[in-house]
Amino acid sequence: MTDTMPVEDTSKYVLEMRGWLNCQPHLPKDNIDDNLLLRFVHSCYYDVEKAKSAMDSFFNIRLSCPELLDGRDPESPEFQKVMSILNIGQIQTPQNECLWIWQLNDPGLDNYDYIQDARYFMLSTDAYFMSNTFLPEVDIVILDAKDLNLKMLTKLNLSVARKLSKYQETALPIRLKQVHVINAPSSIDTIFGLLKPFLKKELTDLVHFHTPKSNGLYKYVEKVNLPTDYGGVQPSMAEQHQKVISVIMSKRKELMIQNLWRALPTDKKKVNNSSSSISSFRSLAID
């Protein structure tokens with residue numbers, strides 16, 4: 001899709017999105033601020049019709065994922081456990097990029113829980129969207145696979161993986177340009193092969209694998225923008241994660257709302273057959 005340049009005044013986009021949303025009986029109206037509406041328009045390069053479709057998909061997919069969204073108290077033992085073995089970073093760069101970094105610290109995968117990981121992904125991204133007005137031109141995902149091994153295959157839940165991939169591909173309001181799997185072990189082909197059937201080609205074309213001690217990531221991301229864990233000068237992943245946790249805790253009340261950003265249940269809504277999903281992903285080659 002050709003990038004559409006926005007006009008200087010973004011208020012017209014917000015007004016149009018708000019007017020459309022208020023006319024959709026099957027979509028929620030509460031806890032949706034102007035920034036969230038603008039984020040969808042931005043993620044779709046200011047094509048309002050595509051933004052409407054993406055937002056419709058966003059709300060409806062969330063309705064279908066109670067296992068990922070119910071009972072979301074970040075102070076619960078389940079979330080505290082996943083916070084203890086994962087580090088998440090959300091770094092804004094001078095190049096108007098957002099780096100979404102995931103780092104697992106559980107070498108034997110003894111404590112890793114795939115569903116809790118997915119729940120934490122949803123929780124942390126929701127908190128980010130609630131608290132951040134930054135609209136990057138480029139979103140880049142970096143997954144540190146240093147602790148992954150074939151045991152991961154026993155941890156995966158394919159039903160959740162299918163829902164999560166659909167959410168990421170068709171509904172998440174970001175401009176995803178690249179996905180980098182760093183410190184990739186030899187088993188990554190097997191692990192990725194299991195997930196690949198659930199992913200669209202548009203997404204798999206974005207993925208780059210980098211073996212341990214490789215400098216390949218620096219061809220795509222400026223080294224100085226990375227945490228010290230990866231040779232950069234930004235605060236460590238542990239420090240980045242503490243920032244993320246602070247934001248989550250500051251939004252704890254909102255994140256615990258049972259039906260946050262979910263479409264109305266089927267028996268209470270009129271299905272809008274005109275909506276279609278839209279992906280804001282762009283294609284890059286696998287190196």
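How many helices and strands make up the secondary structure of the protein? There are 12 helices and 5 strands, where helices (H or I, at least four residues) and strands (E, at least two) are DSSP runs numbered from the N terminus. This is a predicted model, in which local features need pLDDT of at least 70 and side-chain atom pairs count only at pLDDT 80 or more, whereas totals for chains, interfaces and linings use all residues. Residues are numbered from 1 along each chain as its sequence is written, and side-chain values use heavy atoms, with hydrogens and water left out.

**Overall**
- Of the 287 residues, 52% count as buried, that is, under 20% relative accessible area with a 1.4 Å probe and protein chains only.
- Among contacts (heavy atoms within 4.5 Å) between residues at least 6 apart in sequence, 81% join residues at least 24 apart.

**Helix α2**
- Helix α2 (residues 34-43) has 9 of its 10 residues buried, so it is largely enclosed by the rest of the structure.
- The buried residues of α2, among them Asn35, Arg39 and His42, pack against α1, α3 and α6 (114-131).
- Just after α2, tyrosine 45 takes a positive phi of about 55°.

**Helices α1 and α3**
- The axes of α1 (residues 11-22) and α3 (residues 48-63), as lines fitted to C-alpha atoms over the stretch in contact, come within 11 Å and cross at roughly 50°.
- The contact involves residues including Tyr13, Met17 and Trp20 of α1 and Ala51, Met55 and Phe59 of α3.

Definitions and conventions. Buried means under 20% relative accessible area, exposed over 50%, partly exposed in between (1.4 Å probe, protein chains only). Axes are lines fitted to C-alpha atoms, for helices over the stretch in contact, and angles run from 0 to 180 degrees between N-to-C directions.
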